[in-house]
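Colleague: I am new to this structure and would like to learn how to read its disulfides. Please take me through them.

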Amino acid sequence: MAVAALAVPLGVRAASGADSGAAAAPPEPEPAGSECRTTIEGSRVVAYCHNPYPSTDLVQLHTECARWWDVDADGAAVAVEPGRTVRLEDRCWKEIATAWVSHRPAPV
């Protein structure tokens, strides 16, 4: 009786083709995201982001100031629609240590 109970699931799996050895390839993700160019001059940072893809990209400028007392900033997220370019800018009171742009897909 126990042998019959174990044999049924194996027969169902073999009939469905799950053990056929052919693995289904995951779908290729659609290319997305903006290309951003960032320039730092003294206490100011400017980033231009262009989106060449058919989906909207949300970009956000992040700025770390060099001085410990200067406030770091995360700018607001800006939607870059397909084929468009946006300008992001920020500043510190003194020098900028580093700045970068983060990306995420826009909600549908």
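The dialogue below goes through the disulfides one at a time.

Modeller: This is a predicted model, in which local features need pLDDT of at least 70, side-chain atom pairs count only at pLDDT 80 or more, and totals for chains, interfaces and linings use all residues. Residues are numbered from 1 along each chain as its sequence is written, and side-chain values use heavy atoms, with hydrogens and water left out.

Colleague: What is a disulfide, and how many are counted here?

Modeller: A disulfide is a covalent bond between the sulfur atoms of two cysteines. Here a pair counts when the sulfur atoms are within 2.5 Å, and the count comes to two.

Colleague: Which residue forms a disulfide with Cys36?

Modeller: Cys49, with the sulfur atoms 2.1 Å apart. Cys36 is in strand E1 (residues 35–41) and Cys49 in strand E2 (residues 44–50), 13 residues apart. Strands (E, at least two residues) are DSSP runs numbered from the N terminus. The S-S torsion is about 115°, so this disulfide is right-handed.

Colleague: Is Cys49 buried or exposed?

Modeller: Buried, at 0% relative accessibility, whereas Cys36 is partly exposed at 24%. Buried means under 20% relative accessible area, exposed over 50%, and partly exposed in between (1.4 Å probe, protein chains only).

Colleague: Where does Cys92 lie, and which residue does a disulfide join to Cys92?

Modeller: Cys65 is the partner, S to S 2.0 Å. Cys65 belongs to strand E3 (residues 57–65) and Cys92 to the loop between strand E6 (85–91) and strand E7 (96–105), so the pair ties together parts 27 residues apart in sequence. This link is left-handed, with -85° about the S-S bond. Cys65 is buried at 8% relative accessibility, and Cys92 is buried at 1%.

Methods: Helices (H or I, at least four residues) and strands (E, at least two) are DSSP runs, numbered from the N terminus.
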